[in-house]
Amino acid sequence: MTRILNLQQLRVKISDTRAEMGCGAADDIAEAIREVLSHKEVCNMIFAAAPSQNEMLAALAAQPDIEWERVNAFHMDEYIGLAPDAPQGFANFLREALFDKVPFRSVNCLDGAAATADAAGECARYSALLCREPVDITCMGIGENGHIAFNDPPVADFDDPELVKLVALDEVCRSQQVHDGCFASLDEVPTHALTLTVPALMNAARVFCVVPAATKAGAVRDTMLGEVSTACPASILRRHKDATLYLDQDSASLL
């Protein structure tokens with residue numbers, strides 16, 4: 001069973017289980033893709049890479065009747081300093097979870113290795129791609145500190161003039177990667193990353209935000225009930241004209 005709430009412009013769907021949440025989000029995202037393709041030649045999408053997205057990504061890959069050959073895929077952040085084949089790399093995560101499972105028109109990944117040598121050049125390259133293919137749909141999550149992509153509170157800017165930038169990761173963000181089981185210890189987590197900025201994510205016509213688990217309950221509360229500010233970057237969802245937040249009972253437990 002799913003409860004539906006409306007908070008300012010933000011739709012909130014609270015499911016009984018994490019699996020139900022993921023399937024419900026995938027159904028809505030699939031319908032949005034079909035709607036875009038009914039009036040545009042291609043659909044441009046941004047995807048988040050995180051364990052919180054597993055159920056949604058698996059259900060989305062299994063959706064029938066999506067013309068993936070007309071969909072361009074992007075992702076929203078990438079570590080700097082990992083080996084190109086590191087399983088913790090977000091591009092590698094998404095290839096395994098989705099990009100290699102369906103026949104996209106194109107898959108456009110941030111290159112963390114290139115950014116090690118020339119971060120500004122990689123930001124410029126990816127920004128040019130996003131300008132050439134304006135985004136229709138953003139599929140995202142929320143971090144334990146309220147971040148969206150790697151826009152942590154210290155570096156988030158709702159009016160950022162850039163589309164992609166180099167950021168230092170705060171300790172709460174880096175610790176989350178350990179909590180999620182992606183790294184064995186904090187020392188292994190990279191200190192810097194590339195991220196799409198808040199405007200780059202929010203430029204999409206539609207935003208779907210999938211946030212399960214009790215570890216995200218505080219961030220969900222602040223997103224929905226706190227001030228709209230960079231202290232909780234995800235709070236910007238309340239200003240988007242067409243955003244939906246998907247929760248399970250654990251992530252909604254503090255509401």
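Reply: Start with a loop: A213 is found between β10 and α7. Keep in mind that this is a predicted model.

Me: What is phi of A213, and what kind of residue is it a positive value in?

Reply: Phi of A213 is near 90°, which is a positive value in a residue other than glycine. Most residues other than glycine have a negative phi. A149 is listed for a positive value too, with phi near 50°.

Me: Where is A149, and why is A149 counted as buried or exposed?

Reply: A149 sits in the loop between β7 (137–140) and β8 (164–168). Buried means under 20% relative accessible area. A149 has 5%, so A149 counts as buried.

Me: How do you know whether P199 is buried or exposed?

Reply: The cut-off for buried is under 20%. The relative accessibility of P199 is 14%, and therefore P199 counts as buried. P199 lies in helix α6. Leaving aside neighbours within four places in sequence, P199 is in contact with D157, F158, D159 and D160.

Me: What makes N203 buried or exposed?

Reply: Exposed means over 50% relative accessible area. N203 has 53%, so N203 is exposed. N203 is placed in the loop between α6 and β10. Apart from neighbours within four places in sequence, N203 is in contact with V135 and L163. N203 and T138 are 65 residues apart in sequence, and 8.7 Å apart in space, C-alpha to C-alpha.

Me: Why is α3 called largely enclosed?

Reply: Seven of the 10 residues of α3 are buried, so the helix is largely enclosed by the rest of the structure. The buried residues are F90, A91, F93, L94, A97, L98 and F99. Seen down the axis of α3, these residues fall within an arc of 150°, which means that they line one face of the helix. Their cover includes β3 (43–47), α2, β4 (71–75), β5, β6 (106–108) and α5 (171–179).

Me: How do you know that the buried residues of α7 are on the same side of the helix?

Reply: In α7 (residues 217–225), the buried residues are A217, A219, V220, T223 and M224. They cover an arc of only 160° around the axis, which puts them on the same side of α7. They pack against β1 (2–7), β2 (10–15), β10 (206–211) and β11 (243–247).

Me: Which residues of the largest nonpolar core touch the most other members?

Reply: The largest nonpolar core has 47 residues, and L196, M202, L237, L245 and L247 touch the most other members. The elements that give two or more residues to this core are β2, α4 (112–132), β9 (192–196), α6 (198–202), β10, α7 and β11. The largest share, six residues, comes from α4. L245 is in contact with L10, R11, V12, K13, I142, C209, V211 and M224, leaving aside neighbours within four places in sequence. A second, separate core of 44 residues includes A26, F99, F150 and V167.

Me: Which residues does Q88 touch, and where is Q88?

Reply: Q88 is in the loop between β5 (77–79) and α3. Not counting residues up to four places away in sequence, Q88 touches Y79, L82, C182 and F183. The C-alpha atoms of Q88 and D187 are separated by 14 Å, and the two residues are 99 residues apart along the chain.

Key: Residues are numbered from 1 along each chain as its sequence is written. This is a predicted model: local features need pLDDT of at least 70, side-chain atom pairs count only at pLDDT 80 or more; totals for chains, interfaces and linings use all residues. Side-chain values use heavy atoms; hydrogens and water are left out. Buried means under 20% relative accessible area, exposed over 50%, partly exposed in between (1.4 Å probe, protein chains only). Helices (H or I, at least four residues) and strands (E, at least two) are DSSP runs, numbered from the N terminus. The arc is that of the directions from the helix axis to the C-beta atoms. Contact means heavy atoms within 4.5 Å. A nonpolar core is a set of buried Ala, Val, Leu, Ile, Met, Phe, Trp, Tyr and Cys residues joined through side-chain atoms within 4.5 Å.
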